[in-house]
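Please read these points with the sequence and the model side by side.

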Amino acid sequence: MSMTEEVSAVAMKAMKDHQGEPRPVIDDELHRRLRPRWVRVTGVAGLLGLTATVVLGLWVTPPDETQGNLVRLVYLHPPVAWVALYLAFGLAALSSLLYLWRRTRSLFWDRLAAASVEVGVVFNALTLATGMLWGRPTWGVWWTWDARLTSTALLLVLFLGYLALRRVPAAPEVRARRCAVAAIVAFVDVPIVHFSVVWWQTLHQGATVLNPDLSPTIHGSMAWTLLLGFLAMTAVFVWMVSIRYRIETLADEAVTRSLATALAERWAEDEASGTAPTFGLGASSVPEEVVSATRGDPQMSVGEIVR
Amino acid sequence: MAVSVSVPSEVVTDRAGAPRRGRRPGRARLIAVALILVAALIFLLVEGLGSSLDYFDTVAQALAHKQTIGTSTIRLEGVVVRGSVEHTATGTDFVISSNDRHVRVDNTGDPPQLFQPGIPVVVVGHFVSASSDRFLSNQIMVKHSADYIAAHPNRVRAPNGSTR
């Protein structure tokens, strides 16, 4: 059982003892605030964009001179990699920087980074999977240890490590700081993946669009379909991150509210019985500043109590 | 009891125990992390200029330091020369080239489906001897380009062989 689950279980039990019924810790107002209309619009746009990409990619665009019909994977693999490397891990690194910077420090950035990495890891794995599916018929091998493939596989491991780090029990602020540093360190691999095909001789082809000369060689309808693929995947990414962010926020809020309520109730109980507030732990185990900080403010968050 | 776990005493003691020193070690640590990151980047950039992470040697590169390669197993890259492909009982023979240097490849086994004259391939194997320019390979990988050109039966090639 994780720390978070433990806290909420304890808090829920405390509320049950007091009122017989658990109170909903997440109210309709919070639900509404975390569910803006643009999220649904983005989701629909992503779905329509993907559908159009599939139709154009499979039926409208011509086969390639060298690759024949195998070229159709170009409408899927690069957009997926684009989401993983630049959007997801880029946003995670940016959010982590903004968290570490004192002026913009807020758990909002921590949650956004967490949501972004989670989506990024899925897309990173998909990048490897679609790449392997493409590599087998074109190159002749599922996998090989060239610089591009190896650095991309390393990227997945690095950000899986980030997700593992988030599971290590710690106070929200401690975890946020740790993870922010980890995300920035892991992000160092992204430029390496990007430039691996320029810096080293690799089996993987170079970039088509963002090549060193910035002169893409890709024919008309193929280029437009590729662009549509990029836009559709971007919309899907925004949609997934906003949903994941909402879940993260709701989970945090549930813990915070239930813990705060439980603490306040226990304090009220102790006060009614005329003893000093101990939270049931014995006076010595609760630091004085925690006791005074929680007094009289049941809505205070866990982070604020800790501070 | 669970609450005592969740209220992180380390943070509280941190602040209470060392209220003055709270800022400086944090900054020093941040600078240390930044330095490590910059050092890692510089290392990789320098490494990037080197060739230790190259996946293959081109034909020209391999022939340039052929004495050190000898008959050790390497990956060799070059464009399959048009008209040089011959199918044999055990595999495929062809010539690959880069920068006007040529190597004759005797490959054992079936080439991948995209194998064809005029495109770059990577072959895995070794030279027959230190003085020979015949290369025995047991694997061909197609290294296709990043260009996507619509297949067209009447496509006209420019004199230099490129298509647009």
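Is B:F135 buried or exposed, and how many other C-beta atoms lie within 10 Å?

1. **B:F135.** This is a predicted model. In it, B:F135 is buried, because 23 other C-beta atoms lie within 10 Å and the cut-off for buried is 20 or more. The residue belongs to strand β7 of chain B, which covers residues 134-142.

2. **What B:F135 touches.** Set aside the neighbours within four places in sequence. B:F135 is then in contact with B:L76, B:V103, B:R104, B:V105, B:V123, B:G125 and B:F127. Look at B:D106 as well. B:D106 and B:F135 are 29 residues apart in sequence. Their C-alpha atoms are 6.1 Å apart in space.

3. **Strand pairing around it.** Two of those contacts, B:L76 and B:V123, are bridge partners of each other. Strand β2 of chain B (residues 74-80) runs antiparallel to strand β6 of chain B (residues 120-127), and six bridges join them. β6(B) also pairs with β7(B), again in the antiparallel sense, over seven bridges. There B:V123 has B:I140 as its bridge partner. B:V123 therefore has a partner named in this note on each side of the pairing: B:L76 and B:I140, because a strand pair rests on bridges found by DSSP.

4. **The hairpin.** How many residues lie between β6(B) and β7(B) in their hairpin? Six residues separate the two strands.

5. **Chain B overall.** The chain holds five helices and seven strands. Its order along the sequence is α-α-α-β-α-α-β-β-β-β-β-β. Of its 164 residues, 22% are buried. Take the contacts in chain B with a separation of 6 or more: 48% of them are between residues 24 or more positions apart.

6. **Where to be careful.** Chain B has an average pLDDT of 79, and 74% of the residues score at least 70. Residues 1-22 of chain B stay under 50. The model has 27 contacts beyond four places in sequence for that stretch. Where pLDDT is low, the predicted coordinates should not be read in detail. For the complex, the predictor gives an ipTM of 0.70 and a pTM of 0.77.

7. **Chain A overall.** Which elements make up chain A? The chain has 11 helices and zero strands. Buried residues account for 39% of its 307 residues. Among its contacts between residues at least 6 apart in sequence, 77% join residues at least 24 apart.

8. **Helix α6 of chain A.** This helix has 20 residues, 147-166. At 1.5 Å a residue it should span 28 Å, and its end C-alpha atoms are 29 Å apart, so the two values agree. Its buried residues include A:L149, A:L155, A:L158, A:F159 and A:Y162. Among the elements that cover the buried residues of α6(A) are α4 (77-100), α5 (107-138), α7 (172-187) and α8 (189-199) of chain A.

9. **A:N124.** Why does A:N124 count as buried? It does so because 27 C-beta neighbours lie inside 10 Å. A:N124 sits in helix α5 of chain A. Not counting residues up to four places away in sequence, it touches A:A84, A:L155, A:L156 and A:F159. Two of these, A:L155 and A:F159, are also among the buried residues of α6(A). The C-alpha atoms of A:N124 and A:A153 are separated by 8.3 Å, and the two residues are 29 apart along the chain.

Note on methods:
Residues numbered from 1 in each chain as written. Chains lettered and ligands numbered in written order. Predicted model: local features only at pLDDT ≥ 70, side-chain atom pairs only at ≥ 80, totals over all residues. Helix = DSSP H or I, 4+ residues; strand = E, 2+ residues; numbered from the N terminus. Buried ≥ 20, exposed ≤ 12 C-beta atoms within 10 Å, placed from the backbone. Contact = placed C-beta atoms within 7 Å. Expected span 1.5 Å × (residues − 1). pLDDT = per-residue confidence, 0-100.
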